[in-house]
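Visitor: I have this one open in the viewer now. Could you walk me through it, beginning with the fold?

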Amino acid sequence: MKLVWCPETAAKAYIDTVELSGVCNDSGIAELVSSMAAGWNVSFIVEAWSHGEGTATSIGLAVACRHTNGRHVCIVPDERSRLEYVKVLEVTGMSPEVIVGEPEELMSELNGIDFLVVDSQQNRFSRVLKLAKLSNKGAVMVCKNTNPRSASSFSWRNVVDDGSHRLIRSIFLPVGEGLDIAHIGTCGGNSSSSGGKRRWIKHVNRRTGEEFAIRK
């Protein structure tokens, strides 16, 4: 299984988010994450948020969930953050699930995440990424508030190449305060007739008679 891109759903989420652009401090981020999450048809979105952060990303994720009928969970560190988050999202008519606690401690309780957003300005954000229990379809992971220098020193492979998942591609986008985005796939699977396993094929050089093998 793998995430499958649906451009029609992405476009619908994008348009709906544009209509809420007056509520967002940075609609560019809202529209981007909304179209990404909806386009990949994700079923379980998790974000880590705290008092004082912008809510554009959160609004975009909430809009995406409307189109995918998925679950949207926001982890906040304290009651003050919870009240602030809920107040802003209620203005848009949305009510994601909010859990109070430390992201590092709560990740073990959240299984099958296929879209995860963290703030790279928060301490130990890479630890949160590493502890995430991702979906067996793969996932999209987003670090917000990232600048090119910090993005170059951060390695996605260090947090996702764990034997069950692998990095497919990553990109830094200068949207808002910067977004570092990674597409994560699963290892193995049934992508080939041999169940995902490679096999050796023997070839013979007709001119020299020499035998050699190629792994496919």
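Guide: This is a predicted model, and its seven strands form an open sheet with mixed pairing, in the order S3-S2-S1-S5-S7-S9-S8.

Visitor: Which strands stand at the edges?

Guide: Those are strand S3 (97–100) and strand S8 (165–173); each has a single partner strand, so one side of each is left without a neighbour in the sheet. From one strand to the next, the twist averages 15 degrees.

Visitor: And S5, is it buried or exposed?

Guide: Five of the five residues of S5 are buried, so the strand is largely enclosed by the rest of the structure. Both of its faces are covered, with Phe115, Val117 and Asp119 buried on one side and Leu116 and Val118 buried on the other.

Visitor: How many bridges join S5 to S7?

Guide: Five bridges join them, and the two strands run parallel; within this pairing, Val117 stands opposite Val142 in S7. S5, which spans residues 115–119, also pairs with S1 in the parallel sense, over three bridges, and there Val46 stands opposite Leu116 of S5.

Visitor: What about helices, which strands does H3 lie across?

Guide: Helix H3 (residues 56–68) lies across S1, strand S2 (71–76), S5 and strand S7 (139–144), and runs at about 155 degrees to S2. Helix H4 (residues 79–91), for its part, lies across S1, S2 and S3, and its direction is at about 165 degrees to S3.

Visitor: Changing topic to aromatics: how many pairs does the structure hold?

Guide: It holds four aromatic pairs. One of them joins Trp5 and Trp40, whose ring centres are 5.2 Å apart and whose planes are at 70 degrees, so the pair is edge-to-face.

Visitor: Where do those two sit in the chain?

Guide: Trp5 lies in the segment before helix H1 (7–19), while Trp40 lies in the loop between helix H2 (27–39) and strand S1 (44–48), so the pair ties together parts that are 35 residues apart in sequence. Trp5 counts as partly exposed, at 41% relative accessibility, whereas Trp40 is buried, with a relative accessible area of 18%.

Visitor: Can you give me another pair?

Guide: Phe154 and Trp156 form an edge-to-face pair as well, at 5.0 Å centre to centre and with 75 degrees between the planes. Both of these residues are buried, and together with Phe125 they form one aromatic cluster.

Visitor: How many disulfides does a search of the whole structure find?

Guide: The search finds zero disulfides. As for individual cysteines, Cys65 counts as buried at 10% relative accessibility, whereas Cys187 counts as partly exposed at 32%.

Conventions: Residues are numbered from 1 along each chain as its sequence is written. This is a predicted model: local features need pLDDT of at least 70, side-chain atom pairs count only at pLDDT 80 or more; totals for chains, interfaces and linings use all residues. Side-chain values use heavy atoms; hydrogens and water are left out. Rings of Phe, Tyr and Trp (its six-membered ring) pair if their centres lie within 6.5 Å; planes under 30 degrees apart count as stacked, over 60 as edge-to-face and the rest as tilted. Helices (H or I, at least four residues) and strands (E, at least two) are DSSP runs, numbered from the N terminus. Buried means under 20% relative accessible area, exposed over 50%, partly exposed in between (1.4 Å probe, protein chains only). Two strands pair if DSSP finds at least two bridges between them. Axes are lines fitted to C-alpha atoms, for helices over the stretch in contact, and angles run from 0 to 180 degrees between N-to-C directions. Contact means heavy atoms within 4.5 Å. A disulfide is a pair of cysteine sulfur atoms within 2.5 Å.
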